Amino acid sequence: MKAKRRVVTAVTPYKRRPTVRKIKPAIAPVVRRPPIERPAAEQPSNGAGAGTAAGGGSPVGPASASRAVAMHDLRSSDAAGDQGAAVALSVDLGRGLVLENPILVASGTFGYGTEYADVVQVQRLGAICCKGTTLRPRVGNPTPRVTETPAGMLNSIGLQNPGVDAVLAKYAETWAGWKVPVIVNVAGESIADYTEVARRLDGVPGVAGIELNISCPNVGRGGLQFAIDPEAAGAVTASVRRATDLPLLVKLSPNVADIRPIARAIEDAGADALTAINTLSGIAVAPTRQRPLLGNVYGGLSGPAVKPVGLRIVYEASQAVRIPIVAIGGVTELADVLDYLAVGAVAVQVGTAIFADPTLPVRLVDQLAAECRARGLSSYASLIGTALPKKAAAPSAKGVEYRP
Amino acid sequence: MRLAGAELIDSREILPGQWLQDYRAPEIVAGARAGQFVHVRTGDYSGLVLRRPFSFNTIDVASGTLSIHFRTIGRGTEWFTRLRPGDRVDMLGPLGRPFEVDPRSRHLLLVAGGLGIAGVRSLADEAIRDGRQVVLLFGGATARDVYPSSLLPDEVEYVVATDDGSVGHHGFVTELVEAYEAWADQAFACGPLPMLRSLAGLAATRRRRLGVASLGRKRGAGRPLPAGSAQARRKAFLQVSMEQNMGCAVGACLGCVVMDAKGAPQRVCREGPVFAADELEWETAWQ
């Protein structure tokens, strides 16, 4: 890990230009349709037409640029306010991972992208994060593995998966034929495991990126030890970074005291983007009160209940790092997406809500475009970071701070 | 698998705490078979984030209606009891793999433990429509829990056992099986895990104990059938419908697994809920 002097000041995030890496895009460039010229009256107001949501314009860049846009672009609220005007929804997560829109589906909730194909227009998603994949097959945890909790659910799957080779053999060819990028979620027990999986994913057609799951709370040695320590998080990220040129996202755990040093360590180690948050560790008690409900005792809490925690982590991390942040945690409607964008996320993953409403992610794409149109925005970029402090706070030595 | 709205037609409490609801959902019913299930969304996402899986209790393609049978055990099922005729819910289905009846089977033995009746009830309709003879063995805790015979087709021979002897045989329903297992060509069961485990034990030793040959010489013919295939289930003497806490019900979340005989996890929602009994591992700790 390279040593790097860091001085976080008020102005740094907004003045620094993003580093432009000249690297072959991992996915085919998005073919953008020109804005469809139609009389305003004929336009569907919710942008239900397949091509209208993702329009022209440059992708929302890495986080610093987008936030710079956010600071200066609010004035242009009536520049492109026509009904049906194309809204730029594409987002660049770094290393050429350009998503057509900022709505992703979260790892573990969408399988390998094929399970929901009967009822969901999978190709319209921004990206798919597949089920956590390990080097060797894993059987997973004892059952029961899922249970509902107030406004959320606990899951303790235990990273059941057939192993990276079997996943690639079964799905890579399908993924390669898809327009939607597939980001493979990688889990492991050791740095060597993570690195080897990344090496095997490197260069495989159909794999658009890697999401490093260093924060699974449900297995004894599921990598959570990497997510709670800045040095370990940096080490595993750096090792994977050396093993692959794929775009690299690292998923943060909320089960830590202060996310900022960890996020910085991961950024310094060469990650292209952060994902936040993984589930919160919790347990449920069986109705008989004689034992914990889940077979593994511990589970990960997700759903609307965790959204405030997700917002807090994204809020803190987005002020600590310059790489883009993909938010996840309790997204169930457009307002949640807008909230996450406001605290500095450039894209949003939908997870638990898919179980109740499989078509929600695709609808959110349409609704986000419609919202931008209604506000007269030509790009959703100006929605990003609006709730962040106008001047970055001074670095704190006190750990987590809950500001009023 | 389709995602469609369903309109509640009728809702009634058939036993204390047990409800039977009829829904009109032509898109879901089309192509649905006994043993499959629907995954129904509650209208209260902010509190109840998961859909609820229900077996098809009856399927009527002609009228496009289906019925579900459930016990109120939590806030989700209570939410369903508050629905009124005309209310609409969101259904995902039909899901899972159905019961497979061998075309040569004439005598079907259905075994239901408590609410397990919901899992095998539709098979009775299907079998009688195909001209088969059906015996339904039902086990409940007390007379209060016994499924009313008026809700079953007349052709079904209905035999009841209760744990306290308040009606029918005094004891477990599995004790009734001995009287019928030689008669039966195939058996289908749904209920609590101990009941299924005991039935699986009976089925595994059935041929040795009874000395019965398989129906027809070519049946099975000794060649292994691919595990989890429809043929494997069709050739099995006992098929069981499994229950497990469920998340997505389409195979994405891997929440609802049971272990097969080779120790590999099988998804109840996708590879099940109906399994051939000899495909599953019955001894270990999964529940």
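Predicted model: local features only at pLDDT ≥ 70, side-chain atom pairs only at ≥ 80, totals over all residues.
Let me start with a term: a residue is called buried under 20% relative accessible area, exposed over 50%, and partly exposed in between. By that rule A:Val297, at a relative accessible area of 30%, is partly exposed.

Staying with A:Val297, its place is the loop between β11 (280–283) and β12 (298–302) of chain A. Together with A:Ile283 and A:Tyr298, A:Val297 makes a nonpolar surface patch of about 280 Å².

Now the charged pairs. Over all chains, the structure holds 31 salt bridges. I will go through some of them.

Take A:Arg200 and A:Asp165, which form a salt bridge with the closest N and O atoms 2.7 Å apart. This pair links distant parts of the chain, 35 residues apart: A:Arg200 sits in helix α4 (residues 191–201) and A:Asp165 in helix α3 (residues 164–176), both of chain A. A:Arg200 is partly exposed at 32%, and A:Asp165 is partly exposed at 43% relative accessibility.

Next, A:Arg363 and A:Asp357. Here the closest N and O atoms of the salt bridge are 2.8 Å apart. Which of the two is buried, and which partly exposed? A:Asp357 has a relative accessible area of 8%, so A:Asp357 counts as buried. A:Arg363, at 35%, counts as partly exposed.

In chain B, the side chains of B:Asp10 and B:Arg12 meet in a salt bridge at 2.7 Å, N to O. B:Asp10 is partly exposed, with a relative accessible area of 29%, and B:Arg12 is partly exposed at 29% relative accessibility.

Last, a network back in chain A: salt bridges that share partners join A:Arg95, A:Arg241, A:Asp245 and A:Asp272.

Note on methods:
Residues numbered from 1 in each chain as written. Chains lettered and ligands numbered in written order. Heavy atoms only, no water. Patch = residues over 30% accessible without salt bridge, like charges linked within 9 Å, V, L, I, M, F, W, Y side chains within 5 Å. Areas by Shrake-Rupley, 256 points an atom, 1.4 Å probe, with all protein chains shown as cover. Salt bridge = Lys/Arg side-chain N within 4 Å of Asp/Glu carboxyl O. Helix = DSSP H or I, 4+ residues; strand = E, 2+ residues; numbered from the N terminus. Buried < 20%, exposed > 50% of the residue type's maximum accessible area, 1.4 Å probe, protein only.
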